[in-house]
Amino acid sequence: MKTTAERSWIAVRSFDLGLLLAATIGAFLRFSRLGDYDNSYYTATVASMLQSAHNFLFASFDPGGAVMVDKPPVSFWIQAIPAAIFGVSRWSVTVPQVIAGTLAIVILYMVIRPAFGRIAAVSAALTLALIPSSVAIDSRNEPDSLLSLALLLAAFCVIRAVQTGKGRWLMAFALLMGIGFNIKMLVAFVPLPAFLLYHFLATRAPIWRVATRTTLAIGILLVVSLSWVSVVAVTPPENRPYVGSTQ
């Protein structure tokens with residue numbers, strides 16, 4: 001039996017200072033740009049969504065609820081939380097993406113280290129922390145940062161499904177992919193074939209169990225993905241904003 005002091009020392013030794021460095025640098029680069037830039041189209045959408053439950057549900061671009069924004073609503077729902085607390089501003093609508101971008105550095109490390117080791121994981125985390133395109137997109141109120149975080153979490157879950165053989169990880173993967181669809185629609189499904197192929201080839205479970213769990217996961221994925229679209233579809237046009245832009 002290990003003592004409390006021994007367990008604490010093991011925890012300290014297992015903590016990766018490289019990850020701390022990557023996360024600290026990434027957070028500094030992103031938070032230092034907080035409020036420097038916002039997409040006024042999306043900022044106006046968040047302001048309009050806070051005017052009424054109707055606007056919030058349908059992600060209305062204008063306060064009168066006449067036209068929807070050109071994306072599904074999940075990223076704007078998340079942006080609306082700090083905006084409702086602190087008021088609508090450049091920094092309040094940007095802070096969720098800054099946080100998401102910083103968390104993505106940690107998640108990427110957690111995804112890579114078990115398979116490829118510490119050096120590869122730290123290198124990947126540092127690259128994500130420093131790459132200019134990532135810093136730029138995480139410092140805006142575009143939905144891409146939240147989508148990237150959702151997909152990284154989905155990757156982590158599908159890897160854990162293979163490692164542990166537990167179905168709940170695959171169901172969590174399906175839920176996250178469905179949420180990703182409600183952030184930026186089919187863009188979220190770009191890595192889906194690779195995720196499913198990896199699970200099929202790498203898992204050691206019997207084929208019947210793989211088929212059953214995969215079928216259930218795809219069902220959850222479709223239900224979550226189509227949930228908001230279905231609400232829009234069954235709502236009479238006169239009772240919702242006009243669906244513009246993305247078909």
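Student: How many helices and strands are in the chain?
Tutor: The chain has 12 helices and zero strands. Keep in mind that this is a predicted model.

Student: What box do the C-alpha atoms fill?
Tutor: Roughly 65 × 50 × 35 Å, taken along the principal axes.

Student: And how much of the chain counts as buried?
Tutor: Of its 247 residues, 45% are buried. The chain exposes about 12,800 Å². Carbon and sulfur atoms supply 71% of that area.

Student: What about contacts between residues at least 6 apart in sequence?
Tutor: Among those contacts, 71% join residues at least 24 apart.

Student: Let's zoom in. At what angle do α11 and α12 pack?
Tutor: About 155°, with the axes 11 Å apart. Helix α11 covers residues 192-202, and helix α12 covers residues 207-234.

Student: Parallel or antiparallel, then?
Tutor: Roughly antiparallel, because the angle is over 145 degrees.

Student: Is the crossing right-handed or left-handed?
Tutor: The crossing of α11 and α12 is right-handed.

Student: Which residues meet there?
Tutor: From α11, L192, H199 and F200. On the α12 side they meet I207, V210, T214 and L221.

Student: How does that contact split by class?
Tutor: Between α11 and α12 there are five nonpolar residues, two polar ones and no charged ones.

Conventions:
Residues numbered from 1 in each chain as written. Predicted model: local features only at pLDDT ≥ 70, side-chain atom pairs only at ≥ 80, totals over all residues. Heavy atoms only, no water. Axes fitted to C-alpha atoms, helices over the stretch in contact; angles between N-to-C directions. Helix = DSSP H or I, 4+ residues; strand = E, 2+ residues; numbered from the N terminus. Parallel < 35°, antiparallel > 145°, perpendicular 65-115°, else oblique. Left-handed = near helix turned anticlockwise from the far one by under 90°. Contact = heavy atoms within 4.5 Å. Nonpolar A, V, L, I, M, F, W, Y, C, P; charged D, E, K, R; others polar. Buried < 20%, exposed > 50% of the residue type's maximum accessible area, 1.4 Å probe, protein only. Areas by Shrake-Rupley, 256 points an atom, 1.4 Å probe, with all protein chains shown as cover.
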